[in-house]
Amino acid sequence: MSALELERNPIHLGPGGRAVVQPEFTGGMDWYMAYGERHDDDGVEGRLVSIFTFSAPWESWEMHPAGDEIVLCIAGRMVLHQELPEGTRAVALVPGQYAVNPPGVWHTADVEGTATAVFITTGLGTEHRPR
């Protein structure tokens, strides 16, 4: 097998230590819907590992009800906003730093310039809403 680019081909981590390379990421909700069809049977044990580069604030909020999401900044600077029961929290991230979005917590991000992050997500039941 040749080397793969995580930004182009995210990977699914499943039960039993499985690592399943995903089809090329298209950037659309249809890709995520197809991902769910392929892996929702893994339930809360499944994780999507992906990487994204952002040059603008996120346009929406998202929430993962089935489990934690790890956001690891690897380049640039980003501010993750989380709506927690006790109020909204802003977490500034620089390369090498990460934050955890707990299950059911709505979150979005602002980016200063350009930032890249790795996401490890329990995607089952993910919801979105406008920002």
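Modeller: Some ground rules on charge: Lys and Arg count as positive, Asp and Glu as negative, while His and the chain ends are not counted. The place of a charge is NZ of Lys, CZ of Arg, CG of Asp or CD of Glu. The chain has 8 positive and 18 negative side chains. The centres of the two sets lie 4 Å apart.

Biologist: What kind of model is it?

Modeller: It is a predicted model; local features need pLDDT of at least 70, side-chain atom pairs need 80 or more, and totals for chains, interfaces and linings use all residues. Residues are numbered from 1 along each chain as its sequence is written, and side-chain values use heavy atoms, without hydrogens and water.

Biologist: How many helices and strands are in the chain?

Modeller: One helix and nine strands. These are DSSP runs, numbered from the N terminus: helices are H or I with at least four residues, strands are E with at least two. The order is β-β-α-β-β-β-β-β-β-β.

Biologist: New topic. Where is Thr122 found?

Modeller: In the loop between strand S8 (106–121) and strand S9 (127–130).

Biologist: Is Thr122 buried or exposed?

Modeller: Thr122 is buried, because its relative accessible area is 0%. Buried means under 20%, exposed over 50%, partly exposed in between (1.4 Å probe, protein chains only). Across the chain, 38% of the 131 residues count as buried.

Biologist: Which residues is Thr122 in contact with?

Modeller: Leaving aside neighbours within four places in sequence, they include Val44, Arg47, His64 and Asp68. Contact means heavy atoms within 4.5 Å.
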